Amino acid sequence: MRLYWIYFIITLSTLFFALIGFILTPFDWKGKIWAFIVRTWAKSILSAANLRYSLKGLDNLETGQQYVFACNHESIIDIPLTLAGIPRSVVPIAKIEIKKIPVLSWAMLAAGHIFVDRSNHKKALESMEKARKSLVRKPRSILIFPEGTRSLDGDIQPFKKGGIIFAINSGLPIVPMACCGTFDVLVKGSKNFTPKPLELRFAQPINTKQYDMDQRNRITDQVRNEVVRLKNEWATSD
């Protein structure tokens, strides 16, 4: 019953904050209102689910700098954890299928979130280029989950290169980031929900300006290795 309660809270919170966002959208010229709403939405879900979290490595981030945050993906809890924990305006790159979800997709579009059709390479590239140009008009950071889908066993899967290529083209530093503990809270496909302390860890940013597109595989491996390191350090710190 606990899991259904969590889904109810997520739905209710999404409807409530989406309504507030829609009302305030005409006044949100720089996206700051939606950024605040999204972060408050994420924190409300963690609080209602009794999920305490901590942040480690925030001192690696430079004030005012835009980043591409690259994170592992173990659970749907990763979404509120990352959006609550990243201390700046950030929008995720989401799969196009989410556009089929009423209210949630409308709110994400209004907040400037980016949808990518991974099944259509041409459309995916067009979406990424459109997103890159939008960052010039409205500066903000980007959140990506390079595994592409949630892990079924908690192990970090191979990283896809799309988000890394986006970072190189945009000239933005990549921050490897690890969601720690979310797999034990809610496994994909499971009905068991177990509240436990969570942690979001940030590594040193990787400067993409010194690399070109021919080195995208190397950067992708470097980002993944850093995420694995962060998670392993958390696992051995208990």
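Colleague: In strand 5, which residue is the bridge partner of alanine 70?

Modeller: Keep in mind that this is a predicted model. Strand 2 covers residues 68–71, and strand 5 covers residues 141–144. The two strands run parallel and are joined by three bridges. In strand 5, the partner of alanine 70 is isoleucine 144.

Colleague: And in strand 6, which residue is the bridge partner of phenylalanine 69?

Modeller: Strand 6, residues 174–180, also pairs with strand 2. That pairing is parallel and has four bridges. In strand 6, the bridge partner of phenylalanine 69 is valine 175.

Colleague: Which residues of strand 2 point the other way from Val68 and Ala70?

Modeller: Val68 and Ala70 point one way from strand 2. The residues pointing the other way are buried, as are Val68 and Ala70. They are Phe69 and Cys71.

Colleague: Which element gives the largest share of the largest nonpolar core?

Modeller: The largest nonpolar core has 33 residues, and Phe69 and Leu51 are among those with the most contacts inside it. Elements that give two or more residues to this core include helix 1, helix 2, strand 2 and strand 6. The largest share is seven residues, and it comes from helix 2.

Colleague: How many residues are in the other core, the one with Ala70?

Modeller: This core lies apart from the largest one. Besides Ala70, its residues include Phe159, Phe166 and Ala203. Its residue count is 25.

Colleague: Is aspartate 59 buried or exposed?

Modeller: Aspartate 59 sits in the loop between strand 1 and strand 2. Over 50% relative accessible area counts as exposed. Aspartate 59 has 70%, so the word for it is exposed.

Colleague: What accessible area do Leu19, Ile23, Leu24 and Phe27 have together?

Modeller: Leucine 19 lies in helix 1. With Ile23, Leu24 and Phe27, Leu19 forms a nonpolar patch on the surface. Together their accessible area is about 390 Å².

Terms used
Residues are numbered from 1 along each chain as its sequence is written. This is a predicted model: local features need pLDDT of at least 70, side-chain atom pairs count only at pLDDT 80 or more; totals for chains, interfaces and linings use all residues. Side-chain values use heavy atoms; hydrogens and water are left out. Buried means under 20% relative accessible area, exposed over 50%, partly exposed in between (1.4 Å probe, protein chains only). Two strands pair if DSSP finds at least two bridges between them. A nonpolar core is a set of buried Ala, Val, Leu, Ile, Met, Phe, Trp, Tyr and Cys residues joined through side-chain atoms within 4.5 Å. Patches are made of residues with over 30% relative accessible area and no salt bridge: like charges are joined within 9 Å, nonpolar side chains (Val, Leu, Ile, Met, Phe, Trp, Tyr) within 5 Å. Accessible areas come from the Shrake-Rupley method with a 1.4 Å probe; for residues, only the protein chains shown count as cover. A salt bridge is a side-chain nitrogen of Lys or Arg within 4 Å of a carboxyl oxygen of Asp or Glu.
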